[in-house]
Amino acid sequence: IFSSSMGPFSPSPEGPVRRCVTDGLLAGACAGGAAKMVTAPVERVKIILQVERRQAFSLGRAMQTAQVIVRTEGPAQLWRGNMASLSRVVPHAAIMFMTFEEFSAVQ
């Protein structure tokens, strides 16, 4: 059905490949979860700096805050509170990705 020059994701001669709704949900959930896991330490430092409000924001102060967290609480604490955020982001990203895929296939 596929020639090697077309690649594994190219449409077949019978027409475009139709994906399951669950494929879109799973892809969106994985993408949203991965993005949140990568940005969680930055968000944690940002929230701490917003709550303290002793000085104006600077990149140096943000790096220093992250270092203090790692030194005193351990590196895993950079992701503290991330499960609550993941429980909001993962379903949202899954639904958004799936609906985009479904509605873009309609045209």
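The model is a predicted one, in which local features need pLDDT of at least 70 and side-chain atom pairs count only at pLDDT 80 or more, while totals for chains, interfaces and linings use all residues. Residues are numbered from 1 along each chain as its sequence is written, and side-chain values use heavy atoms, with hydrogens and water left out.

**The whole chain**

Begin with the cartoon view of the protein, where you will find three helices and zero strands, following the pattern α-α-α along the sequence. Helices (H or I, at least four residues) and strands (E, at least two) are DSSP runs, numbered from the N terminus. Of the 107 residues, 25% count as buried, where buried means under 20% relative accessible area, exposed over 50%, and partly exposed in between (1.4 Å probe, protein chains only).

**Where α1 meets α2**

Now select helix α1 (residues 21-52) together with helix α2 (residues 59-73). Their axes are 10 Å apart and the angle between α1 and α2 is about 105°, which makes α1 roughly perpendicular to α2. Axes here are lines fitted to C-alpha atoms, for helices over the stretch in contact, and angles run from 0 to 180 degrees between N-to-C directions; angles under 35 degrees count as roughly parallel, over 145 as roughly antiparallel, 65 to 115 as roughly perpendicular and the rest as oblique. Show the side chains of Arg-44, Val-45, Ile-48, Leu-49 and Glu-52 in α1, which meet Arg-61, Ala-62, Thr-65, Ala-66, Ile-69 and Glu-73 in α2; a contact means heavy atoms within 4.5 Å.

**The salt bridges**

The structure holds three salt bridges, each being a side-chain nitrogen of Lys or Arg within 4 Å of a carboxyl oxygen of Asp or Glu. Select Arg-44 and Glu-73, whose closest N and O atoms are 4.0 Å apart. This pair links distant parts of the chain, with Arg-44 in helix α1 and Glu-73 in helix α2, 29 residues apart. Arg-44 is buried at 15% relative accessibility, whereas Glu-73 is partly exposed at 41%.

Move on to Arg-61 and Glu-52, whose side chains meet in a salt bridge at 3.0 Å, N to O. Arg-61 is buried, with a relative accessible area of 9%, while Glu-52 counts as partly exposed at 33%.

Finally, select Glu-43 and Lys-46, which form a salt bridge with their closest N and O atoms 3.1 Å apart. These two residues are three residues apart in helix α1, and are therefore separated by about one helical turn. Glu-43 is partly exposed at 28% relative accessibility, as is Lys-46 at 37%.

**Helix α3**

For the last stop, select helix α3 (residues 82-106), whose end C-alpha atoms are 36 Å apart, in agreement with the 36 Å that its 25 residues should span at 1.5 Å a residue; the expected span is 1.5 Å times one less than the number of residues. Buried residues in α3 include Ser-85, Val-89 and Ala-93, and what covers the buried residues of α3 includes α1. Center the view on Ala-93, which is buried at 18% relative accessibility and touches Gly-28 and Gly-32, not counting residues up to four places away in sequence. Ala-93 and Gly-32 are 61 residues apart in sequence, but 5.2 Å apart in space, C-alpha to C-alpha.
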